[in-house]
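Come along while I look things up.

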Amino acid sequence: MLEIDEAIVDAIVAHARADHPDEACGVVAGPVGSDRPVRFVPMANAARSQTFYEFDSMDLLRLYREMDDRDEVPVVVYHSHTATEAYPSRTDISYASEPEAHYVLVSTKEPGSHEFRSFRIVDGEVTEEPVKVVPAVAGER
């Protein structure tokens, strides 16, 4: 189960809406060993595509160095789908390289609403998991 702060959910959805019609992407880092997503890190979609996302390799290198310095890991890897449901595509599955991460997808295909789902992707196997949104905790972000 993914347990995530409502303020982080709101930030992910806002990022997805802001980048629409292109896919948005980013990471939510958390302390090593905690499975707690606490630090929202929006990233630029280097592909600038409506159907594909790609982290810029230099931005990703900087992020991993920063997380290493802060004793963090990518607890959540998120991106949006702008015209389809929030379910991993074959491309998403093939690029999933963090077996411990929660892969969050947000669908922004409907203007007045969104779909927010979380998955585990390990060795090409996709498993949807429940999402528990908890009230914002002051000082956690």
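These are my entries, one topic at a time.

**Entry 1: what I am looking at.** I noted at the outset that this is a predicted model.

**Entry 2: proline 37.** Is proline 37 buried or exposed? I looked up its relative accessible area, which is 6%, so proline 37 counts as buried, the cut-off being under 20%. Next I listed what proline 37 touches, leaving out residues up to four places away in sequence: Leu2, Glu3, Ile4, Ile8, Val28, Ala29, Val75 and Val76. I also checked glutamate 3, which is 34 residues from proline 37 along the chain, and found 8.0 Å between the two C-alpha atoms.

**Entry 3: the nonpolar cores.** I had a general point in mind here: in soluble globular proteins, nonpolar side chains tend to be buried together. I then looked up the largest nonpolar core and found 18 residues in it. Met43, Phe55, Leu63, Val77 and Ile121 have the most contacts inside this core. Which elements give two or more residues to it? My list reads S2, S3, helix H2 (57–69), strand S5 (102–107) and strand S6 (115–122). S2 gives the most, with three residues.

Not counting residues up to four places away in sequence, isoleucine 121 touches Pro88, Ile93, Ala96, Pro99, Tyr103 and Val126. I also wrote down a second, separate core of 16 residues, with Ala16, Phe40, Val76 and Tyr78 among them. Val76 was already in my notes as a contact of proline 37.

- I found a cis peptide bond joining histidine 20 and proline 21, with omega about 20 degrees. Proline 21 lies in the loop between helix H1 (6–19) and S2.
- I found a positive phi, near 55 degrees, at aspartate 35. This residue sits in the loop between S2 and S3, and aspartate 35 is partly exposed, with a relative accessible area of 38%.
- I found another positive phi, near 50 degrees, at aspartate 123. Aspartate 123 belongs to the loop between S6 and strand S7 (125–129), and its relative accessible area of 80% makes it exposed.

**Entry 4: the cavity.** How many cavities of 30 Å³ or more does the structure hold? I counted one. The largest cavity has a volume of about 40 Å³. I read off its lining as Tyr53, His79, Pro88, Asp92, Tyr103, Leu105 and Ile121. By type, I noted five nonpolar residues, one polar and one charged.

**Entry 5: the pocket.** I finished with the largest pocket, which holds about 490 Å³ of space. Its lining has 25 residues, and Tyr53, Glu54, Phe55, Asp92 and Tyr95 lie nearest the pocket centre. I sorted the lining into twelve nonpolar, nine polar and four charged residues. H2, strand S4 (72–81) and helix H3 (90–95) each supply at least two lining residues. Which element has the largest share? I found that S4 does, with four residues.

How values were computed
Residues numbered from 1 in each chain as written. Predicted model: local features only at pLDDT ≥ 70, side-chain atom pairs only at ≥ 80, totals over all residues. Heavy atoms only, no water. Buried < 20%, exposed > 50% of the residue type's maximum accessible area, 1.4 Å probe, protein only. Contact = heavy atoms within 4.5 Å. Core = buried A, V, L, I, M, F, W, Y, C linked by side-chain atoms within 4.5 Å. 1 Å grid on protein atoms, 1.4 Å probe; cavity = no way out; pocket = protein on both sides within 12 Å on 5 of 7 lines; lining within 4 Å. Points joined across faces, edges and corners; volume = space filled by probe spheres on them. Nonpolar A, V, L, I, M, F, W, Y, C, P; charged D, E, K, R; others polar.
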